[in-house]
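Work through the following exercises with the sequence and the model open side by side. Try each task before reading its solution.

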Amino acid sequence: MLEGEAELDEALSLDSLWTASAIRLQTIPGIGLLTAAWLLVTTLNFTLCNTVEELTAYAGLAPHPFQSGTSVHGRASIGHTGNAALRTAVYLATLSAAQYNPVIKAFYDRLRAAGKPMKVARCAAARKLLHIAFAVVKNEADFDPLYAARAQKTA
């Protein structure tokens, strides 16, 4: 373990709720200790936002349409609003998650196969990864890659 990681572990261990959240976040493939720490610190252990929609807007990963009245309609983009450190941490975690996380990989591959540009697909995957992180912490449950499949079977 590197010296910085030991310091992060020590800082996160000061509060049992933050420790539990950090451990749960690290069950998500693509999110390591550093990303988990960024998520927890920038969102104050996911207490800054009540809903996942608020969280994605806070991170700057919610698409905003470009329009003016009735005449100007452009493509939606994520822009440069929101918490840049959080957005960067989630985006960089998505680079790994798109390879090793079965949920994010399937989502990313489906978007690329549909013809979406690489950066658009990565931003969408980053948003989905943030949704998963929010759910893992708020529901106090470890990441389960088969959760969606089980939910569809019971419905």
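Predicted model: local features only at pLDDT ≥ 70, side-chain atom pairs only at ≥ 80, totals over all residues.

Residues are numbered from 1 along each chain as its sequence is written, and side-chain values use heavy atoms, with hydrogens and water left out.

**Exercise 1. Describe the order of the elements in the protein chain and the share of buried residues.**

Begin with the elements, where helices (H or I, at least four residues) and strands (E, at least two) are DSSP runs numbered from the N terminus. The protein chain has 8 helices and 2 strands, and from the N terminus on they follow the order α-α-α-α-β-β-α-α-α-α. Next, apply the burial classes (buried under 20% relative accessible area, exposed over 50%, partly exposed in between, with a 1.4 Å probe and protein chains only). Of the 155 residues in the protein chain, 33% are buried.

**Exercise 2. Which residues have the most contacts inside the largest nonpolar core, and which element gives the most to this core?**

A nonpolar core is a set of buried Ala, Val, Leu, Ile, Met, Phe, Trp, Tyr and Cys residues joined through side-chain atoms within 4.5 Å. The largest one has 35 residues, and Leu25, Ile28, Ile31, Leu39 and Phe46 have the most contacts inside it. Two or more residues come from each of α2 (16-25), α3 (33-43), α4 (52-59), α5 (84-100), α6 (102-113) and α7 (118-138), and α7 gives the most, with 10 residues.

**Exercise 3. How do α3 and α5 pack, and what is the class make-up of their contact?**

Axes are lines fitted to C-alpha atoms, for helices over the stretch in contact, and angles run from 0 to 180 degrees between N-to-C directions. The axes of α3 and α5 come within 10 Å and cross at roughly 155°. Angles under 35 degrees count as roughly parallel, over 145 as roughly antiparallel, 65 to 115 as roughly perpendicular and the rest as oblique, and α3 and α5 are therefore roughly antiparallel to each other. On the α3 side the contact is made by Thr35, Trp38, Leu39, Thr42 and Thr43, which meet Ala85, Leu86, Ala89, Val90 and Ala93 of α5. Sorted by class (Ala, Val, Leu, Ile, Met, Phe, Trp, Tyr, Cys and Pro nonpolar; Asp, Glu, Lys and Arg charged; the others, Gly among them, polar), the contact of α3 with α5 has 7 nonpolar, 3 polar and no charged residues.

**Exercise 4. Determine how α4 and α7 are oriented, and list the residues in contact.**

The two helices pack at an angle of about 130°, with their axes 10 Å apart, and α4 and α7 are therefore oblique to each other. Val52, Leu55, Thr56 and Ala59 of α4 make the contact with Arg127, Leu130, His131 and Phe134 of α7. By class, this contact of α4 with α7 has 5 nonpolar, 2 polar and 1 charged residues.

**Exercise 5. Are Leu44 and Phe46 buried, exposed or partly exposed?**

Leu44 lies in the loop between α3 and α4, and its phi is near 50°, a positive value in a residue other than glycine. At 43% relative accessibility, Leu44 counts as partly exposed. Phe46 is found in the loop between α3 and α4 and has a positive phi of about 60°, although it is not a glycine. Phe46, however, counts as buried, at 1% relative accessibility.

Key:
Contact = heavy atoms within 4.5 Å.
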